[in-house]
Amino acid sequence: MENVTVFDSPGKGRGLKASKEFWAGDVIFSEPSLAAVVFDSLAERICHSCFRRQDKLQRCGQCKFSHYCDRTCQRAGWAEHKQECAAIKNYGKAPNENIRLAARIMWRLDKDGGVVSDTQLTTLDQLEDHIEDMPEDELKEFKVDIHNFLDYWPRNSKQHTSDVISHVFGLINCNGFTVSDQRGLQAVGVGLFPNLCLVNHDCWPNCTVILNHGKIELRSLGKIAEGEELTVSYVDFINVSEERQRLLKTQYFFDCTCHHCKERIKDDLKMGGREQDGVKPSDEQVKESTDYCFQMLEKMDQTRLKGDYHEVVKICKECIEKTEPVLADTHIYLLRMWSTMSEVQAYLQYFEDAAEYARKMVDGYIKLYHPNNPTLGMAAMRAGVTHWQAGLIEVGHGMICKAYAILMVTHGPTHPITKDLESMRVQTEMELRMFNQNEYVYHSMREAALKNKPMTMMHEPKSMEEGIKNLFHRRK
């Protein structure tokens, strides 16, 4: 950990600063989890050792709960699962993910002590749990988890005080970080990463965090000077300042005073009106369209949950037709409508429509996000693939190249997503060369290829809220 130094960050408590200069895409540090578990809802679909998604998994013959790719994964995970296996069998069922993670953490600490590696910068007892800041309803659930933990914890394991147990649960509540599957596209579990807990928040950060081959990586988004504090964003910058501050206070128990929040930077773009020929709509018109769009988003979400995607398209089109002439192309409600339309139309295989809305979404994101923001990179990748599916090879290749450039910084060359993008980039470059040589031949060959191998149905679209979410919280 020679790249970072622990220091007292003004107004934030402890933090990390750079011990040397970094450039975009540099890995500042990587860290394996102290412990991690698969989400309850995915317990039978994700390997409990490597966290890969597999169609067929082998179930542990003893506890009947844990699942593995094969015997190799089962043996690799046995050191962590051994005590858990006996505990689940004795308890009669598997407890929830928070209890399972707390138990794994405490077994690990009992075995290895407070510092489990030479690179660990902090012990868990040095991190704050924010239990005193929890609202009453969360505190009730918190106490239920502790009660159930005490029933689950084996009598032959080392016994701990209620304060120690509560502290661990508090750390999970605000410092837990989601673990993604092998493609990095879906959150499948939660783990605790002690060094990551020291990285403070900024709404416009200089770093990002990704999971790569079982370890988290803190990666630089641009040039970072020696001595500069390292920051990541705990919430999505797409939200307006007031909403980000509300989320940070509710979920992470602190008041954000970063430059972008204090100055309300880009809030005017996110909730503004569309200027046409130098004329802007009135504040009343913008407010009316904003309120209407919000109502339609709620209606769309309810319809989407029912799986009625044709009705979702109808709702979105109605909203877009009414609000697009009034709201700015960076208005966050309109961006969400375009994003939903792109996903659903691609699922229904109306690729040209999907491509149009995906392009509008990316154009809006470019005006709002940091140029190396991973959300922008993933959106550009999706837009590029959608344009390729629509036969719009020129724009598709450009979008994929843009996504590749961003993800080389945010994810790095060895990440599975970046490798997939590299393959897409090579393929679309070859197709674009063919297109430029003879457009008619290109489209004829494409149509023939699609007839011989029809496109399969796209995966069912999922809401943006189901994307990869960083759950870690800062302890003061």
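**Pocket lining and open sheet**

Me: In the second largest pocket, how many residues of the lining are nonpolar, how many polar and how many charged?
Reply: The model is predicted, with pLDDT of at least 70 needed for local features and 80 or more for side-chain atom pairs, while totals for chains, interfaces and linings use all residues. Residues are numbered from 1 along each chain as its sequence is written, and side-chain values use heavy atoms, leaving out hydrogens and water. With Ala, Val, Leu, Ile, Met, Phe, Trp, Tyr, Cys and Pro as nonpolar, Asp, Glu, Lys and Arg as charged, and the others, Gly among them, as polar, the lining has 10 nonpolar, 11 polar and six charged residues.

Me: Which residues lie nearest the centre of this pocket?
Reply: A pocket is an open set of points on a 1 Å grid over the protein atoms alone, where a 1.4 Å probe fits, with protein on both sides within 12 Å along at least five of seven lines; lining residues have an atom within 4 Å of a point. At least two lining residues each come from α3, β7 and β10 (207–212). Of the 27 residues in the lining, those nearest the centre are Ser49, Cys50, Phe51, His213 and Gly214.

Me: Which residue stands opposite Val37?
Reply: Helices (H or I, at least four residues) and strands (E, at least two) are DSSP runs, numbered from the N terminus, and two strands pair if DSSP finds at least two bridges between them. The open sheet has the antiparallel order β4-β8-β7, with β4 (35–38) and β7 (177–180) as edge strands. Four antiparallel bridges join β4 to β8 (residues 187–192), and the residue of β8 opposite Val37 is Val190.
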